[in-house]
Amino acid sequence: MVLWLSSLLYLWSINTSRLFTLTPIAKTTIFNSINDGVIVLDEFYRLIEFNQSCKSMFPNINTSMLGTGFEKVWLQLSGSPFPTKIERTSTFTKEIHLASDRIYQVRSSSLQHAKYEKGLLIIFTDITELKRLQVKLEQLAYYDELTQIYNRRAFFQKSEQEFAEAKKRSIPFTMILIDIDYFKKVNDTYGHHIGDQLLKHVVKACQTQLNEGELFARYGGEEFVLALKGCTAIEGEEIANKLRRYVETQPLRSDKGDIYVTLSLGVAEASEERDETLYQLLNHSDNALYRAKGEGRNQVNVFNGEKGEMIKAP
């Protein structure tokens, strides 16, 4: 019995010894096999460890930096100061863009032993591809594939917000509907590939005359829409005429020769007295556009208060 117990204790001591030997190796293996980059700082924010993923993310990091303050290390790695203050008492999550065109989500986590804080982990997750996918999906969802301006869906979403803000602040809000005159004739005469070129050409021409941030979108087919928060109908009429005159003088230079087009535009300003909706305002712009086309095209017409049918929401 004594011999058996002695043998058991001997085996346990061997296994325990192996366990203590293998545990640090296991921890090191796990530390270096995770995909996230990890930097370990001591209580004075000095670099004391980094894993293999961190080395892949920041090739300049090396063991000669151990013992160096993190702010200095980061400046050497990125060329710019770290975007947030490092504190053990508060965690943070940041998104940083590096000159290498990589995007990282950065998180901090304090290292504690009992009640005593001993250091800090800074964890880097590469989200570059995720961000690129998000941008691509947003491009598909909110931008017209041909002209690369907002599509109808994005226009309604954004103009609803701007329209509500204008009403809340009691500032003017004007809508302009734009139509390319005789666009079908261009398609029938030169083909749809020239028609597509013409749509892109008109958009670029209009953009040169618009201010940055103005809500300009493809409404459908050869129609475009412009929402102007803070502009009256008079100011909207001036902008519409500026667009009309400029496009008229800018031909599309194609393999079929120079192609000139004109625009018809309808302008309507929101009225506090009528307490109209965005769709009613669009309907007023459409009525004005219809009149401009009916009176000979290549002109601007301003809505004069007549009632029209409601445009259906998308």
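**Salt bridges in a predicted model**

E165 is partly exposed, at 33% relative accessible area (buried means under 20%, exposed over 50%, partly exposed in between; 1.4 Å probe, protein chains only). This is a predicted model: local features need pLDDT of at least 70, side-chain atom pairs count only at pLDDT 80 or more, and totals for chains, interfaces and linings use all residues. Residues are numbered from 1 along each chain as its sequence is written, and side-chain values use heavy atoms, leaving out hydrogens and water.

**Within helix α5**
- E165 and R169 form a salt bridge at 3.0 Å, N to O (a side-chain nitrogen of Lys or Arg within 4 Å of a carboxyl oxygen of Asp or Glu).
- R169 is partly exposed, at 49% relative accessibility.
- Shared partners join E165, R169 and K229 into one network of salt bridges.

- D144 pairs with R218 in a salt bridge, with the closest N and O atoms 3.3 Å apart.
- D144 sits in the loop between α4 (128-142) and α5 (152-169), and R218 in strand β7 (residues 215-220), 74 residues apart.
- D144 is buried at 14% relative accessibility, and R218 is buried at 16%.
- R102 and D126 form a salt bridge, their closest N and O atoms 2.9 Å apart.
- R102 is in the loop between β3 (93-97) and β4 (103-113), and D126 is in strand β5 (residues 116-126), 24 residues apart.
- R102 is partly exposed at 25%, as is D126 at 33%.

**Count**
- The model has 12 salt bridges by this rule.

Methods:
Helices (H or I, at least four residues) and strands (E, at least two) are DSSP runs, numbered from the N terminus.
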